Protein chains: 2
Amino acid sequence: MKLFYENDFYYIPNMKKKVTLKQIARELDVSISTVSKSLRNSLEIGEETRLKVQAFAKFYHYKPNNIALSLKNRKTKTIGIIIPEIVHHFFSTVINGIEHIANENGYSVIICLSDDSFDKEVLNMEMLANGSIDGFIMSLSKETQQKKDFHHITEVINQGMPVVMFDRVTDDIQCDKVIIDDELAAYEAVQSLIDKGRKKIALVTTVDYVSVGKLRTDGYTKALLENGLPFDQDLIIKIENVDNCEITIAKLLEDKTIDAVFAVNELFAVTIIKTANKMGIKVPEDIAVIAFTDGIISKYSTPSITTVTQNGIEMGNMAAKTLIERLESEEDENEEDEEEEIYKTIVIETHLIERESTN
Amino acid sequence: MKLFYENDFYYIPNMKKKVTLKQIARELDVSISTVSKSLRNSLEIGEETRLKVQAFAKFYHYKPNNIALSLKNRKTKTIGIIIPEIVHHFFSTVINGIEHIANENGYSVIICLSDDSFDKEVLNMEMLANGSIDGFIMSLSKETQQKKDFHHITEVINQGMPVVMFDRVTDDIQCDKVIIDDELAAYEAVQSLIDKGRKKIALVTTVDYVSVGKLRTDGYTKALLENGLPFDQDLIIKIENVDNCEITIAKLLEDKTIDAVFAVNELFAVTIIKTANKMGIKVPEDIAVIAFTDGIISKYSTPSITTVTQNGIEMGNMAAKTLIERLESEEDENEEDEEEEIYKTIVIETHLIERESTN
């Protein structure tokens, strides 16, 4: 104990209550990830920092999640969902899909948002794993995908709490996954444009580090090459912010030889249509437009937009089924006889919904 | 104990674990509300049922939420949100507003959906109140508003856990509330149509029991009457299901003397525009359209739609501020000196966003 009175720690007024990872991080001016790793004695963290964090945590009675213990003592019959954002129709439909299966099986559902922030993802997982839920269904935040730091997920899995990932997944974690074949879906969308006689097809995509973006570009490229169409880097534009992308799109559409656009989301698609309208370019006569989405704007746009569905409901259903099966098979397991886990990756089928923008 | 062996109870295999309200309800074939009220010894429930539930709960060691206890022992620094649905842009924006203020103040946020079901609302409140959170921010489910059964909320408040209601609120519960003035907002929207010279204004609204629907109709009516325009019941149509409302809307629009429509949500508005297009009626030249919404379809529709914002972000901000202030003032309170709580109702300002559909 002496350490702290002699040393660089000062009194923290509000620490009568249980101290959290976040408070430790703030007080020691290190990242949450550093605190979390130090507490697991990870050699990734220098000895000095590691010992400082451990001593601090001990002094303030930091209690790590005792997941294994809580798992043995009770089942909460609750599923925790962690998603990057909520103002996004795709994630809402996945949640509805999860709720449906969960409720049918007597489970409640708790949702937390990571807001595409690594720290929020870590904190939310810590909070939920702390006895509130039996298992996780999650889609990675952009920042987590950039950092490639998945220790918080590994930790939860190692302590015996099952995790099912959907949509934004990573090969670096061994767990059950539910995805769509983004490359195939993009390939099929572009192929459908080619089948309708379109020859110069642009791709409007995002500037980001999310795994699905790359896969969709691969599918686009593959369809062009297999059909003997030239691949032209200038036909791929990456949008930073949908709120001011009209100029970028207008520039693309100045090339009057472009006869189709494949957009990775419906906000891009609807902006392409509005911009084309203003420029006197007719959709679908002059250019066809197709978008990746489960959203509702496409249906109500004028013209309505042909889409590749992401099948969020089905994705949610399968994620919930997979998690519940794993939770309930664990109950029957003989603990003496632990075998290597076999994880599955379920690929949900996508399909085209043909509307006015490609006829 | 003898009671159960002689009587109508059978062995329930999975009851080693903590028994829940839901399980008791299922086993005794009564509603969750009946169980909950019986356990509070409410005289609303007949003596026989009440005693049966109490005996059953005791036998299976039902543990009610000991909220007061958990409140004294620790703060979770977590806010629980209960909303009716998630595939609804308004609720998503409120959540974003809550998250922003919560995170700024070091609080995490947990979201549960009631799916507009009374039972799910009760179960989710029970689950969250059981030590996971410090207080609630909630919007009532349709079914709860119909039933006018708020005992689950009263119970939570009586046990010392603060509740802030937003949007769908009730006068039957004394707590902090954040609302918009739906009547005034509707009045102003209709007045703006009248100011533009529109004389025969229809209202397209929902068939439901939600408080806001009535208030918006009152505002519509008031604007007509104050401007000396005739009120005509035939100009008010109530839509059951947006997916097949085109026929109803087409019928309304057959009356070519109608020169404006006020819709209570943007899906109605965009359907009105699409239907008008098909019928050769021009928006805004022949009819002006205005909608209540925070959604994004209005912005991307052709023509774009003039809206009354519900100001979800601001509503979320205020709800979170109000709850956090209450949580943190409670910490300082002298328990010996408990005064009558004074609750506030905050009214968020709305405003018109003028777009193409009313010019």
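## How chain A is put together

Let's start inside one chain: among contacts in chain A between residues at least 6 apart in sequence, 73% link residues at least 24 apart. Keep in mind as you look around that this is a predicted model. Chain A has 359 residues, and 57% of them count as buried. Its secondary structure comes to 15 helices and 12 strands.

Is A:F56 buried or exposed? With a relative accessible area of 1%, A:F56 is buried, because anything under 20% falls in that class.

## Where the two chains meet

Now bring chain B into view. Chain A puts 39 residues into the contact, and chain B puts in 39 residues as well. The size of an interface is often given as the accessible area lost when the parts come together. Here, chain A and chain B bury about 3,300 Å² between them, with 58% of that area on carbon and sulfur atoms.

What holds charge to charge across this boundary? There are four salt bridges between chain A and chain B. One of the side-chain pairs joined by a salt bridge is A:K299 with B:D243, at 3.5 Å from N to O. Seven residue pairs are also in polar contact across the interface of chain A and chain B, with both residues at pLDDT 80 or more.

Several elements of chain A each supply at least two residues to the side that touches chain B: α6 (89-104), β2 (108-113), α7 (118-129), α13 (266-278) and α14 (297-300). Sorted by class, that side of chain A has 16 nonpolar, 14 polar and nine charged residues.

## How the copies are related

Two copies of a chain are related by a rotation about an axis and a shift along it. In this model, a rotation of 180 degrees with 0.0 Å of shift along its axis superposes chain A on chain B, with an RMSD of 0.1 Å. That is the relation of a two-fold axis. The same surface serves both copies, since 100% of the contact residues of chain A recur in chain B.

Which residue of chain A comes closest to the rotation axis? It is A:I111, whose C-alpha lies 2.4 Å from the axis.

Definitions and conventions:
Residues numbered from 1 in each chain as written. Chains lettered and ligands numbered in written order. Predicted model: local features only at pLDDT ≥ 70, side-chain atom pairs only at ≥ 80, totals over all residues. Heavy atoms only, no water. Contact = heavy atoms within 4.5 Å. Buried area = accessible area lost by both parts, 1.4 Å probe. Polar contact = N/O pair within 3.5 Å; in protein donor to acceptor, adjacent residues only side chain to side chain. Helix = DSSP H or I, 4+ residues; strand = E, 2+ residues; numbered from the N terminus. Nonpolar A, V, L, I, M, F, W, Y, C, P; charged D, E, K, R; others polar. Least-squares fit on C-alpha atoms with pLDDT ≥ 70 in both. Buried < 20%, exposed > 50% of the residue type's maximum accessible area, 1.4 Å probe, protein only.
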